[in-house]
Every structure is written in structure tokens, then in C-alpha cells.
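Visitor: I would like a tour of this model. Please show it to me, and then I will ask my questions.

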Amino acid sequence: MKLSGKVWKFGDHVNTDLIIPARYINSSDPDFLAAHCMEDADPDFAKKVRPGDIIVAGDNFGCGSSREHAPIALKAAGIAAVVARSFARIFYRSAFNTGLPIFEASTLYEAVREGDEIEVDAERGLIVTRGRDPQRFAIEPIPPFMRELIAAGGLMAYLKRRS
Amino acid sequence: MGMTITEKILAAHAGREEVHPGMLINARVDIALGHDVTAPIAIEEFRKAGGRKVFDRRKVVLVADHFTPNKDIKSAQQVKIMRDFAREHRLDHYYEGGKAGICHVLLPEQGIALPGDLIVGADSHTCTYGALGAFATGVGSTDLAAAMLTGELWFRTPESMKIVLTGKPPKWVSGKDIILYIIGRIGVDGAAYRAMEFTGAAVAELSMADRLAMANMVVEAGAKNGIFAPDAVTEDYVKYRAERDYLGWASDPDARYASVLEIDVSEIEPQVAFPHLPSNVKGLSKVGSIKIDQVFIGSCTNGRLEDLRLAAGLLRGREVAPFVRLIVIPATPEIYRTAMAEGLFDIFLDAGAVISPPTCGACLGGHMGVLADGERAVATTNRNFVGRMGHPGSEVYLANPAVAAASAILGRIAGPDELKGVHKL
């Protein structure tokens, strides 16, 4: 599984209220949620983001509420992966459960700028920056069953496919 | 080797003699909880997996509390999905309308969440039940769906962090201040993935309301769960409420902890968390003059009867400052009724407050008190993220109910001692 896309940068403690404000979670429609994704951080994010783009963030990404609307909104907005220094635990589980690939990378954040292109190789456990001076960052590879789970679109679809 | 209370509860539910931090286990759940925001997605996932029957209709608990009474058509549709599911599966514990309260206040009050339980809920503040001596943690909707279907879920056994509380809290310092102080010390990811275990001589003096407020906010430090070993206070709270048998666990003397934090609560003053992180905490004496537009007393952190009594004690015979709105939301129907019977509603109404039916609404900017651009609120809630209570340009300051009430009266962030002739009810 290789993902390649443009970087959107956010800082530390990106919370689920920022990813999808509570005023929109009276719906669970992915397209509706996507239209308001990251709105309070950048009101035009949903318009600017392109399918395949990648979010790069600091510590504790996804902290706050347990709303699965957060990974759903990111995925439906076209975000192909989130790479952060660390993740809050509920978001970590929910991201995989909803089929949104996420990766921990300790030093990538400082090395990339918004708009840079990066390539994530989930099988080999490697992130490579694109451009004149490519840099390589080791990440924990995603094991085969998790890759299948992501390909299926989440935990439940994966379980059904296997049963 | 000894085990912590968290490890013992997990081991018991995984059918093992022993578990240790880092161990992945599959464990049986006693309660699987969802509400009107998270349950509809869980129900969809449940069906996606081909689910036809919940694992135990007594153990799946659904509460309509977030955008209820239904604030708009979208919310009404969400609640309908949940109500239809509850009816189809003949759930014992479905709460809506006059039966519904804020889930994390309702479940302990109704004796549904009990000591020794393993509880998962699709709400981050599910950790509240740790106050009773349960292992309780928030999960996403898909995990809830798996739990509703199978009655089991996988966990990584967390490392435990021991918080030793000593001393006697000064007047106006409550559980809320102790947990805010701790979050201020360790940061919003200072307990990431860990169990926060509260021990020490000061614990015996903490009421169940204080403990519930503290366990409620451990997630704001990134913790997986917070826990208090059951004692006489727990037994008093639980014995007439419990709807089934329960078990009190305690940590072994030789249990292992990843870290130990000692706090003398006699040195803490009331705490205020400034925007936009719960860790952005200052002691009340260092707050300065901050004018406010709204005060909210309620939520799963501080919407209990003790909180309302405390606020009413200060509001009695006083009025809310001009151009300041005070919103009081009793967390459950039982609290609502008792507060009314005790005359607290008269005090609130005379002071100029508005009283809402039980709902989470105001805490998360859902309804019942949304903030405009540039407005500031003092709230007895647990989160002050950007846009948490409304417009992204608004600000939320977290505080205890006494500080909230005094602030409403003075129109700025203030402590009860600044009011003339203060007395406790």
C-alpha cells in the first residue's frame, strides 16, 4: 500500500472539535461531515483539500471526544492518511476501524512544509519526501491484516468479508 | 507480582489469572453504552457486520442526551435510529425524554454502572465510572458496534500512574479543582494511554460527586481510564442503587506503577482552565479581571445535586450581573426533581438564571446556550477547545460550580470569597 499526496500541516493537540465541530455531528452523513472538516482551523479546508492529500501533525492528534465522525470526516474529505508524532488513543482505534490509515513519525513534522509532496509506503514502513532533496523517515509498517482491514473500508466490512 | 486494580478488573474479564501492562487481551464487557451522536453510527456498523441480535439486551445501554430534546430535524432522525433499534432489540436500558439524563451522571445514579465492572462507551467521558471502582473507557462507534454484537472487545492493558492525594482541601476546592490542577501539571497528553489511579489519605474525604468529576476528566490528560478503589463512600453511594451484584477490587501493595505523582491538596486553590486547553490552568488568585458573557453550570462533570446546591448557596438572595446569562442544567431527572423540591429552582430563577431540562447540549455548543463570536463563558464542564461552546471566536473558561456562581453574580471570573456575607447552604 503506497500513498502519495500533498501535505496539510497542523500543530499539536488537534482535537476532534477542531476536526469536526460538534455543531455538525447531529448528522453522520460522511459527505456532510466532509464539507465541514477542519472548518474552525481553516474555513476553506474542505474546498481546498484534494483526494489523496495527507495531514501531518504534532503530538496527540485526535484528542478530545470519541466521535467517530472525526476519522469519517477526514476520510470523506479525501484525506488519504494522517501522519502525526502521536495520536490520542480513541482516535487511534477509530481511525483503523473506519479504514483511515494513520502513522506515527517522530521527526517528519519538522522536515516538511505545507504543500510538500510525500510518499508513504505502509508495507515497507517508509515515508519519503518528494522534491530536490528527498528525505526518508522510518515508520512502523502496517501489518497485512490491517492493510486488508483498510482496503475493506473498516473493521466491520472486514469482518463481514471474512465470515 | 502484584497487580493494580485496573489490571485485576481486566484480568477477571479476560478470564486470566494475571495481566501486565502492554498485554493485549480480549475481555468481556458488562455495559456497552452509546448516545444519540455515537449510537447511530454504531448501529449502522452493527448491521454492516450482519448483526441481528445484541449480545445481551440488559447490557446494551442507549441514552438520548446530546442534542435532546431533539433540537432540529437532523437530531430527530439520529434519535429515531437509536429508538427504533432499542425497540427492535427490546433493550432494558433505553432512556429518552423525561427518563433521560446525561449518561455519565445517569448510569451511576441508577445503579447501572457498578464497582468491578468493565464498561465501554462510545463517549470519551465514559471514564467517569472509574469513580465507582470500575474499569471504564471511551471507544469509537465501531468498537461499540463490536461490543454490542459480541459482548467482548480487545484492549491493550495500560500502564498505571499512581496519584497520591494527601492533605485536606481548602474551602471552595473540590474534585474539579484537584483534577484541573493535575491536568495543568502533566498536560493534555500527560497520562496518554495510561490508567490514572487515585489513592492517598485525602481520597476518603472526597465525596462521590468529587470522585465522579475527577474520573470524568482523566481523558483530558489523555488517560485510558481513571480509577478509585471502592471504599465506605462508594458502598454508601452504591448499596441502594445497584441493580445487580458488584465486586470491590483493590491494588496489591506490590503492584507496579509507571509513575507516581504526590499532591498535597491543602495547597491547591480553586483552578480555572483558560482557553483553549484544559491544561491551561491558573489558580484563581492569578486570574486577573476577566469579564464574561455567560455562565453554564451543568454537564457530566458538574451537573450533580451537590454542584447545584453549592451554586444555589451562593446565588441565594443575589442576582446575576447585568448582561450576563446564567444557564443551569441539572444532569438527570432525579437531580432536576430533587433540586426543585429543595427550592433550588426558586433561588436560580430569582437570581435570573434559566433552567434547562437535562441535556449535554450547552457543553459542546450543540444547543441550549451557544456562544457568539468574541463571547466568553465560565463553564463547569470539561473542555475548552476552540469553538467548543459555539463560535470559533468564543472562549470557554473551566471552573468549579462555586467559582461559576460567583462569576455569574460579579460578571467577571471571581471566587466566592469576593461575595459579601458568603455562606454555604
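Guide: Chain A holds 8 helices and 7 strands. Helices (H or I, at least four residues) and strands (E, at least two) are DSSP runs, numbered from the N terminus. This is a predicted model, where local features need pLDDT of at least 70, side-chain atom pairs count only at pLDDT 80 or more, and totals for chains, interfaces and linings use all residues. Residues are numbered from 1 along each chain as its sequence is written, chains are lettered from A and ligands numbered from 1 in the order in which they are written, and side-chain values use heavy atoms, with hydrogens and water left out.

Visitor: What is the radius of gyration of chain A?

Guide: The radius is taken over C-alpha atoms, and the globule rule is 2.2 Å times the number of residues to the power 0.38. For 163 residues that rule gives 15 Å, and chain A comes close to it, so chain A is as compact as a globular protein of that length. The radius of gyration of chain A is 15 Å.

Visitor: Which residue forms a salt bridge with Arg85(A)?

Guide: A salt bridge is a side-chain nitrogen of Lys or Arg within 4 Å of a carboxyl oxygen of Asp or Glu. Here N and O lie 3.6 Å apart. The pair links distant parts of the chain, 26 residues apart: Arg85(A) sits in the loop between strand E3 (81–84) and H5 of chain A, its partner in the loop between strand E2 (54–57) and H4. That partner is Asp59(A).

Visitor: How much area do chain A and chain B bury between them?

Guide: Contact means heavy atoms within 4.5 Å, and 34 residues of chain A are in contact with 44 residues of chain B. Buried area is the accessible area (1.4 Å probe) that two parts lose on being put together, summed over both. Carbon and sulfur atoms carry 57% of it here. The total is about 3,200 Å².

Visitor: Which residue of chain B forms a salt bridge with Asp17(A)?

Guide: Across the interface of chain A and chain B, the rule finds 2 salt bridges. In the one with Asp17(A), the closest N and O atoms are 2.9 Å apart. The partner is Arg388(B).

Visitor: Which helix gives the most to the side of chain A that touches chain B?

Guide: Four helices of chain A each supply at least two residues to that side: H1 (16–19), H4 (69–76), H5 (89–97) and H8 (155–162). The top contributor gives 6 residues. That helix is H5(A).

Visitor: How far apart are the centres of domain 1 and domain 2 of chain B?

Guide: Domain bounds come from an automatic or database domain assignment. For chain B it gives domain 1 (5–16 + 23–264) and domain 2 (269–418). Taken over C-alpha atoms, the centres are separated by 24 Å.

Visitor: How large is the area buried between domain 1 and domain 2 of chain B?

Guide: The contact takes 38 residues from domain 1 of chain B and 40 residues from domain 2 of chain B. Carbon and sulfur atoms give 65% of the buried area. The area is about 3,100 Å².

Visitor: Which residue meets Arg383(B) in a salt bridge?

Guide: Between domain 1 and domain 2 of chain B, the count is 1 salt bridge. For Arg383(B), the N to O distance in its salt bridge is 2.9 Å. The side chain that meets Arg383(B) belongs to Glu220(B).
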